[in-house]
Amino acid sequence: MIANVALLPGDGIGPEVCDGALQTLQAVAARFSHEFRVQTHLIGGAAIDAVGEPLPAATVEACRGADAVFLGAVGGPRWDSLPPARRPEKGLLALRRALGVFCNLRPARAWPACLRASPLRPEVVAGADVMIVRELTGGAYFGEPRGRDSAQGRRRAFETGSYDEHEIARVARLAFGIARHRRRKVCSVDKANVLETSRLWREVVCEVARDFPDVQLEHQLVDSAAMRLCFAPASFDVLLTENLFGDILSDQAACLPGTVGLLPSASVGAGGPGLFEPVHGSAPDIAGRDMANPAGAILSAAMMLRHGLGLEQEARCMEAAVEAVLAGGVHTADLRPAKAAGTREFAAAVVREIAG
Ligand code: IPM
Ligand code: MG
């Protein structure tokens, strides 16, 4: 296969973890006789510095024309005081919208080699393996109207959390389909005791569920689901939820592997190129110090192979390589080992595993 990948390294540790992911991708290409043609483009703070906006039109065009889009991270203190429309994060949100990737898959599990690193007791976290399916292009992140004004001399800020039934049904459908390849359980997370959008969410998810009688559906309120993710993480299979709740719960799910550095993501759904990025963000405090964990990015590249390019065997090879390296005790600083491996060292070890 020849595939074109648009690479958006972005800010902070984004470029370092992208390097690691790219090396492992090229190792897979060599082993399975594929060719991944990678072209780099600007996004986030790096784009603001270079051309004055977080998502240049040239980047959008290149991403639309690629077979898959791979992103490092965006954001950092340098750009924090810019107006909302010119923040690095705005570039990422606009890209998700432009690609129409409404379904964000964020798997989190307790890696046997890392049980020690989890803040949860081994007997609580062991066996936990959850697939968070986060709606990615709706809800309060995008709803209009939004903004600021002032009323009676007081500053006021507001946004609109809104979902229509189509937005809910299409992501629910994908979540149920994914559950069919797993343990056939979907937990739909909402705040139906308070929010109108959540009441519609629950209704529509129930309607979609009728087409998946072999999948067991339960509903849970987001506050108690957050608690359950800590107390009984192994009781989840697929966790389906809206954009903002999914953002929060997917970071919380870092307590399963013991570091957000191990969490990958895939954003899909539109039929066009998918967007693949680690969950961790730009981590400006450790940027440029060869300290970042590239595993989240490498596992995101594996998700790109699986969900973006249809290369299941290759994806498994990459995941098995990461697992073997972790089992071999090569751990970056975020896993708090006695002796930490660097970003480059970890990636090189994964490359060696893939090469066999
Ligand atoms: C994530 C991030 C983004 C989000 C930010 C950087 C806009 O937190 O991908 O989880 O909120 O979606
Ligand atoms: Mg987040």
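Leaving aside neighbours within four places in sequence, M318 is in contact with A21, T24, L25, V28, I298, A301, A302, L305 and I354, where contact means heavy atoms within 4.5 Å. This is a predicted model, in which local features need pLDDT of at least 70 and side-chain atom pairs count only at pLDDT 80 or more, while totals for chains, interfaces and linings use all residues. Residues are numbered from 1 along each chain as its sequence is written, chains are lettered from A and ligands numbered from 1 in the order in which they are written, and side-chain values use heavy atoms, with hydrogens and water left out.

M318 also belongs to the largest nonpolar core, which has 69 residues, and is listed with F70, V133, F176, L240, L305 and V322 among those with the most contacts inside that core. A nonpolar core is here a set of buried Ala, Val, Leu, Ile, Met, Phe, Trp, Tyr and Cys residues joined through side-chain atoms within 4.5 Å; buried means under 20% relative accessible area, exposed over 50%, and partly exposed in between, with a 1.4 Å probe and protein chains only. Helix α10 (residues 295–308) supplies the largest share of this core, 9 residues. At least three core residues come from each of domain 1 (1–100 + 272–356) and domain 2 (107–262), the bounds being taken from an automatic or database domain assignment. A second, separate core of 22 residues includes A108, V189, F236 and F245.

We turn next to the sheet. Its 10 strands form an open sheet in the order β2-β1-β3-β12-β11-β4-β5-β10-β8-β9, with mixed pairing. Helices (H or I, at least four residues) and strands (E, at least two) are DSSP runs numbered from the N terminus, and two strands pair if DSSP finds at least two bridges between them. Because β2 (35–40) and β9 (216–221) each have a single partner strand, they stand at the edges, and one side of each is left without a neighbour in the sheet.

Within the sheet, strand β4 (residues 103–109) and strand β5 (residues 129–135) run antiparallel and are joined by 7 bridges. Among the facing pairs, C103 stands opposite E135, N104 has R134 as its bridge partner, and L105 is partnered by V133, a residue named above among those with the most contacts in the largest core. In a regular strand the side chains alternate between the two faces of the sheet. On its other pairing, β4 runs antiparallel to strand β11 (residues 266–268) through 3 bridges, and there the bridge partner of C103 is V268. Strand β5 in turn runs parallel to strand β10 (residues 238–241), with 4 bridges between them, and I132 stands opposite L239. Since 6 of the 7 residues of β5 are buried, that strand is largely enclosed by the rest of the structure; β4 is likewise largely enclosed, because 5 of its 7 residues are buried.

The cysteines remain. With a disulfide taken as a pair of cysteine sulfur atoms within 2.5 Å, the count comes to 0 disulfides. The sulfur of C187 is too far for a bond, because the closest cysteine sulfur, in C206, is 12 Å away; C187 counts as buried, at 2% relative accessibility. C230 is likewise in no disulfide, the nearest cysteine sulfur, that of C255, being 4.5 Å away, and C230 is partly exposed, with a relative accessible area of 29%.
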